[in-house]
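Here is a friendly walk through one protein model. Please keep the sequence and the 3D view open while you read.

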Amino acid sequence: MSIRERVPGGTDPRPLGGLDDAFGAGWLRMIALEPAPQEHMVPLRDARLVRVLGLVEDALRRTGDGSRRSVPSAGALYPYDVVVVGGSGRRPQVLRPDLTRGICAALPLSGAAAADLRAALDEDGGIDGADHVVLLARPWLSMRKYGPRGHLYTQLDAGHAATSLLGTALGQGPAVLRLRVPRRRISACLDPFLPYREVHSVVSVEAARKDDQVRETTVNLTSLPRRDVAESMERFCWSQIPEALRDGGDRALPVTSAPVVVVDDAPGGLRRIGRHEWRLLTRLRQSCKRFDQQEQPADGVAAALEVITTTLPTDLPDVTGGDGGVRVSVLTGPGPIADACRRRLPGGDIRLAVSDAANDPAVVTRLCLGQRHIGWAKALVMFHLRTERLLRAGRPQDVRDALFRASAAAHLIYLGAARNGVAVTAVGGFDTRALRSVAGIGDGEEVVYLMALGVEAGTGGKLDRLAVAHAHGE
């Protein structure tokens with residue numbers, strides 16, 4: 001029996017000479033690569049699918065010339081997949097756009113499985129006859145680089161993506177975002193093709209009408225998807241996530257339009273991101289690579305933060321009683337920026353912390369674990385949670401909700417910064433204990449996200465605005 005016959009995928013069948021046969025087979029299996037998937041051009045005439053795939057393109061993949069991603073990501077990893085469920089006809093079409101290569105795969109679900117998936121997504125959807133975009137978090141992509149903490153980064157990155165999908169869709173018509181969906185039913189349909197993914201959220205959009213001006217398009221369609229060669233590593237990372245967090249969920253709630261962070265005054269005026277602005281601001285959005293020491297116009301920082309009051313149609317529960325929300329602390333030094341924030345921040349779960357330490361670039365660098373490019377930031381924005389109210393047995397959805405609130409609010413600030421000419425970036429590594437001390441928050445608060453705002457040093461955009469690298473068909 002040749003080695004080719006015993007090694008999946010096949011390899012060079014030449015004899016191994018004096019080498020141990022079992023060793024040789026194992027080594028060849030270890031280095032084996034699958035052939036590249038076949039691609040062919042397919043005309044897409046279904047106006048509904050054309051519209052939804054265009055939405056995904058605008059919201060997540062490309063802005064302007066070149067392959068530039070629309071949303072930030074820790075390490076430019078983009079640890080999620082998207083599945084589009086829609087189209088006209090009795091049997092829904094299920095497509096997986098590949099966000100790195102600009103191609104698409106039709107998932108070969110049976111008629112029964114496709115119908116069950118559509119029924120699960122339509123359940124409590126809020127929009128009759130909607131098309132759906134399912135966002136699947138893929139923790140392995142972050143956990144292989146950052147260890148278990150990569151699961152947190154995955155949730156935050158997915159929250160950015162979900163918020164961008166929702167806002168882009170709202171620019172075209174009615175849309176809603178739901179975090180409380182029948183995860184197990186959805187996963188049962190998709191796991192055979194996309195294993196070790198966590199259903200993060202579903203964005204449902206009003207279907208295109210027959211008279212809508214949607215042009216026919218052409219897509220690159222790949223061959224049938226296969227399980228990845230790295231499945232064993234994905235399984236290992238998956239095993240580190242508490243099962244209740246992966247699968248758990250609460251009962252469905254009605255969709256309401258409200259800010260994701262509790263604020264005292266009613267949102268209005270220029271504080272919101274208008275539906276017509278999402279596409280433009282998404283095109284302008286970028287992450288700062290290094291901050292400059294020159295002064296930042298004070299009102300620009302305050303105006304960038306005000307957009308956190310933008311209302312979004314989601315199924316998040318009402319947390320005005322202070323149970324389960326995310327709190328925001330804006331840390332800055334004494335001076336004009338602090339004065340502008342006092343005048344313009346809306347209060348509620350948004351607080352201002354003023355400290356001389358925030359004006360010292362050496363201290364800011366230490367707070368950010370030695371990241372010198374952050375040192376001259378003019379303000380740090382901390383998103384923190386009350387751990388005793390969130391980490392409760394049988395309530396995993398509370399954690400999901402809170403992390404989405406943090407990432408959605410952060411995404412709004414990215415857009416607000418683009419609108420007001422303020423440089424901004426997310427800070428993945430920080431000294432939680434020191435931040436709590438400087439900002440004056442208690443030990444019972446867990447900081448889950450940190451942003452820095454200031455003046456761009458002119459060193460070019462951060463990697464999350466460039467073409468993402470991929471290897472071996474990822």
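The accessible surface of the protein comes to about 20,800 Å², and 51% of that area belongs to carbon and sulfur atoms. Accessible areas here come from the Shrake-Rupley method with a 1.4 Å probe, and for residues only the protein chains shown count as cover. This is a predicted model, in which local features need pLDDT of at least 70 and side-chain atom pairs count only at pLDDT 80 or more, while totals for chains, interfaces and linings use all residues. Residues are numbered from 1 along each chain as its sequence is written, and side-chain values use heavy atoms, with hydrogens and water left out.

**Overall picture**

The protein has 16 helices and 16 strands. These are DSSP runs numbered from the N terminus (helices are H or I with at least four residues, strands E with at least two). Of the 474 residues, 53% are buried; buried means under 20% relative accessible area, exposed over 50%, and partly exposed in between (1.4 Å probe, protein chains only). Taking contacts between residues at least 6 apart in sequence, 80% join residues at least 24 apart, where contact means heavy atoms within 4.5 Å.

**Buried residues**

| Residue | Relative accessible area | State |
|---|---|---|
| Cysteine 104 | 5% | buried |
| Cysteine 341 | 2% | buried |
| Serine 142 | 0% | buried |
| Serine 187 | 16% | buried |
| Histidine 411 | 1% | buried |

Serine 142 sits in helix 5 (residues 140-146). Not counting residues up to four places away in sequence, serine 142 touches Leu77, Pro79, Gly147, Gly150, Tyr153 and Thr154. Serine 187 belongs to helix 7 (residues 183-190), and beyond four places in sequence serine 187 touches Pro192 and Val199.

Histidine 411 is found in helix 15. Which residues does histidine 411 contact, leaving aside its neighbours within four places in sequence? They are Val71, Pro72, His160, Thr163, Ser164 and Trp278. The C-alpha atoms of histidine 411 and valine 307 are separated by 9.9 Å, and these two residues are 104 apart along the chain.

**A cavity to visit**

The whole structure holds two cavities of 30 Å³ or more. A cavity is a set of points, on a 1 Å grid over the protein atoms alone, where a 1.4 Å probe fits but cannot get out; lining residues have an atom within 4 Å of a point. The second largest cavity has about 30 Å³ of space. Its lining is made of Leu305, Ile308, Val328, Val330, Leu345, Ile350, Val381 and Ile413. That lining divides into eight nonpolar residues, no polar and no charged. For this count, Ala, Val, Leu, Ile, Met, Phe, Trp, Tyr, Cys and Pro are nonpolar, Asp, Glu, Lys and Arg are charged, and the others, Gly among them, are polar.

Technical notes: 1 Å grid on protein atoms, 1.4 Å probe; cavity = no way out; pocket = protein on both sides within 12 Å on 5 of 7 lines; lining within 4 Å. Points joined across faces, edges and corners; volume = space filled by probe spheres on them.
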